[in-house]
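The report below describes one protein model in terms of its strand pairing, its aromatic contacts, its surface and its backbone geometry.

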Amino acid sequence: FYKFHGKYYSEGSIYNNDFLPIKYSQLWKTKKKNRKIEIFFKNQKVINFSMSPKELSVPRIDLFDTNNLIDPLSTFLNILKENINNYKTTDGRRVYKMLAMKNIEGSENSKKIIIEDYLNIWANHNKNYLEYINIIYDNDMLENNFFPNRIKIKHRGLVFKLTKI
């Protein structure tokens, strides 16, 4: 295991009942690496992108030429709000599709968001390290309970657990 610290921000607006980003940024630090990514959007297209340190390899996907694109936080909020996602998602390292929540068999309080059409922008492979996100509500998924009590993210065979405080 290794220590990880990350911050993820999204700014935008609500248009036609969808959360749409204007700016997305992420800052993360590990023992060996620090990374800062900023993405600016307009009409669900990337209009400006910066990454520090810069990636040395040539991108396999042109973010500026990809339509119908939003950030992961806006996608997640859209799915929580309406259980629908009409957009592709990018975090600056990959592009993928987050599907609407599906019931987890045997549980009334849990749903799963599946990740599909996963493409790495910089790496020469399309390994999907982000497999799914489980959403868990403690109160039988009441309508007034917008944010889940717990989130489990399966990534690289590990499960990261986030708990509402």
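The text that follows takes these topics in turn, for a model that is predicted.

**The sheet of β1 to β4**

Four strands make up an open sheet in the order β1-β2-β3-β4, and the pairing within this sheet is antiparallel. From one strand to the next the twist averages 10°. The edge positions are taken by β1 and by β4, which spans residues 45–52; each has a single partner strand, so one side of each is left without a neighbour in the sheet. In general, the strands of a sheet pair through backbone hydrogen bonds, either parallel or antiparallel. Strand β3, covering residues 34–42, is joined to β4 by seven bridges, and the two run antiparallel. Within that pairing, Glu-38 has Ser-50 of β4 as its bridge partner.

**The pairings of β9**

Strand β9, residues 110–120, runs antiparallel to β7, residues 94–98, and four bridges join the two. Here Lys-97 stands opposite Glu-116 of β9. Strand β9 is also joined to β8, residues 102–103, by two bridges, again in an antiparallel arrangement, and Asn-103 stands opposite Lys-111 in β9. A further antiparallel pairing, with five bridges, links β9 to β10, residues 130–136; in this case Lys-112 stands opposite Asn-134 of β10.

**Aromatic pairs**

How many aromatic pairs does a search of the whole structure find? The search returns two. One of them is formed by Tyr-96 and Tyr-118, with the ring centres 6.0 Å apart and 25° between the planes, and this pair counts as stacked, because planes under 30 degrees apart are classed in that way. Tyr-96 belongs to strand β7 and Tyr-118 to strand β9, so the pair ties together parts that are 22 residues apart in sequence. Both residues fall under the 20% limit that defines buried: Tyr-96 has a relative accessible area of 4%, while that of Tyr-118 is 7%.

Phe-4, Tyr-8 and Leu-73 together make a nonpolar surface patch of about 270 Å². Tyr-8 is located in strand β1, which covers residues 4–15, and with a relative accessibility of 38% it counts as partly exposed.

**Backbone geometry in the loops**

Pro-53 has its place in the loop between β4 and β5, the latter spanning residues 69–70.

Notes:
Residues are numbered from 1 along each chain as its sequence is written. This is a predicted model: local features need pLDDT of at least 70, side-chain atom pairs count only at pLDDT 80 or more; totals for chains, interfaces and linings use all residues. Side-chain values use heavy atoms; hydrogens and water are left out. Two strands pair if DSSP finds at least two bridges between them. Rings of Phe, Tyr and Trp (its six-membered ring) pair if their centres lie within 6.5 Å; planes under 30 degrees apart count as stacked, over 60 as edge-to-face and the rest as tilted. Buried means under 20% relative accessible area, exposed over 50%, partly exposed in between (1.4 Å probe, protein chains only). Patches are made of residues with over 30% relative accessible area and no salt bridge: like charges are joined within 9 Å, nonpolar side chains (Val, Leu, Ile, Met, Phe, Trp, Tyr) within 5 Å. Accessible areas come from the Shrake-Rupley method with a 1.4 Å probe; for residues, only the protein chains shown count as cover. A salt bridge is a side-chain nitrogen of Lys or Arg within 4 Å of a carboxyl oxygen of Asp or Glu. Axes are lines fitted to C-alpha atoms, for helices over the stretch in contact, and angles run from 0 to 180 degrees between N-to-C directions.
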